[in-house]
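Q: I have not looked at this one before. Can you walk me through it?

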Amino acid sequence: MAAALAVNHLWKSFGSGLRPAVRDVSFAAAPGEIIVLLGPSGCGKTTTLRMVAGLEQPTDGTILIGTEAAYDSKQRINVAPQHRQIGMVFQSYAVWPHMSVAKNVAYPLARRGLGRAEIARKVEEALALVGLEDYLDRSVSSLSGGQMQRVALARALVYEPRIILLDEPLSNLDAKLRLRLRDDLRTIIKKLGLTALYVTHDQEEAVVIGDRIGVMKDGELLQMSAAADLYNRPADAFVAHFTGVTNMLQGRVRSRSGGTASIELSGGAGPILATLGKDVADGEAVSVGIRPENIRLLDTPPSSLEPDQHRARVVERRFHGGQSVYRVAVLGTELDVVELGTMPRFDQGHEVTLTLPADLCWSFPAEASTDRRIEAV
Ligand SMILES: Nc1ncnc2c1ncn2[C@@H]1O[C@H](COP(=O)(O)OP(=O)(O)OP(=O)(O)O)[C@@H](O)[C@H]1O
């Protein structure tokens, strides 16, 4: 099936002396797919979205919406935003405060010259979809932030766009509302079978909303995959850090067997087993990342240790209510380990056996990982 949106080798430069804001970005969204662009401030997410919308002209590349070119630098095609059949929702609510809820939502239809009865029906349908069917005649200025954002969403959906673009639509809402609308947004988009491009810097939001997530840094798309792959197979150290990896061990690849490497740690400890990143060579210095929640602690020491098991000691325990965070001394360094549950198992000083599952330890070239760690924090 043809992609609903295809972005190919897209570049954007805002000036000759400046680093390009978007560098050779390519991805495609299947019909009905929700693609999230995730990354720190200034990485080029909004610029990418604005180019798809037609609000920013690319320096190079192509954008296809369905089978039609919306932008093609070589063929000099640049379809105006209003002709791209795109719905948009932004961070600021972008609703007209002097108009009623119904008038706000009706606005795009009135501009397209639809009849009154049809407009009324579509407005009611769109408002029902966002749970505001009882607010038709209310003034927008009397609504809460979350309700205003629902009005903005209804207005973006009302004329049945081919694609919906959302740029940090939840970031002006308080935490509780954000969680509720986050779940609702995905449900609504899926119910309509819309293809969506969604921009956020919040990884949790990205995971809940997106079918696939693209992580951007310095204008580049580093990895685009389903959330579980992003978490379990990060392409590089930046992606690993951005999705919450805090433990990094330094070492060197000693030997390898298939996709797994035996890694000797700096200071002579180890070896540990880790999955090899795609650019890691034999003998190379590496950083090995492992998430605190993927490390397991055993109370009773086994009679003999497996290759992925190591003796360790609890240095510090922090109780967070629903989970305990342990700082554990192991392999000549200290690692964070998270365990879910309201009953902490170990006290400070407790001797434990620690498992580092090889398939959840990822090795990356050392130089890149240390550089990128600093930027990612
Ligand atoms: N109109 C512009 N003129 C010059 N530089 C710009 C312009 N718009 C964006 N930039 C630059 O392009 C880069 C990418 O910006 P962009 O807004 O796409 O990032 P972002 O990832 O969406 O960040 P944020 O989450 O802070 O919005 C930044 O360095 C930004 O300063």
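This is a predicted model: local features need pLDDT of at least 70, side-chain atom pairs count only at pLDDT 80 or more; totals for chains, interfaces and linings use all residues.

Q: Which residues are around the ligand?
A: F14, A21, G39, S41, G42, C43, G44, K45, T46, T47 and H201.

Q: And how do the residues of that shell divide into nonpolar, polar and charged?
A: Three are nonpolar, seven are polar and one is charged.

Q: Switching to helix α2. Which of its residues are buried?
A: In α2, residues 101-111, the buried ones are V101, A102, N104, V105, A106 and L109.

Q: What do they pack against?
A: The buried residues of α2 pack against α3 (116-129) and α4 (145-157).

Q: What follows α2?
A: G113, with a positive phi near 80°.

Q: Now the largest nonpolar core. Which residues touch the most other members?
A: V105, A154, A196 and L197, out of 105 residues in that core. Its largest share, seven residues, comes from α4. Domain 1 (5-237) and domain 2 (246-376) each supply at least three residues to this core.

Q: What is L197 in contact with?
A: Apart from neighbours within four places in sequence, L197 contacts L5, A29, I35, L49, V52, I163 and L165.

Q: And the open sheet, what is the strand order?
A: Its five strands run β2-β1-β4-β5-β6, with antiparallel pairing.

Q: Why is one side of β2 and of β6 left without a neighbour in the sheet?
A: β2 (22-29) and β6 (77-78) are at the edges and each has a single partner strand, so one side of each has no neighbour there.

Q: How many bridges join β5 and β6?
A: Two, in the antiparallel sense, with β5 covering residues 68-72. Y71 has N78 of β6 as its bridge partner.

Conventions:
Residues are numbered from 1 along each chain as its sequence is written. A residue is near a molecule or strand if its C-beta atom, placed from the backbone, lies within 6 Å of it. Ala, Val, Leu, Ile, Met, Phe, Trp, Tyr, Cys and Pro count as nonpolar, Asp, Glu, Lys and Arg as charged, and the others, Gly among them, as polar. A residue is buried if 20 or more other C-beta atoms lie within 10 Å of its own, exposed if 12 or fewer, and partly exposed in between; C-beta atoms are placed from the backbone. Helices (H or I, at least four residues) and strands (E, at least two) are DSSP runs, numbered from the N terminus. Two residues are in contact if their C-beta atoms, placed from the backbone, lie within 7 Å. A nonpolar core is a set of buried Ala, Val, Leu, Ile, Met, Phe, Trp, Tyr and Cys residues joined through C-beta atoms within 7 Å. Domain bounds come from an automatic or database domain assignment. Two strands pair if DSSP finds at least two bridges between them.
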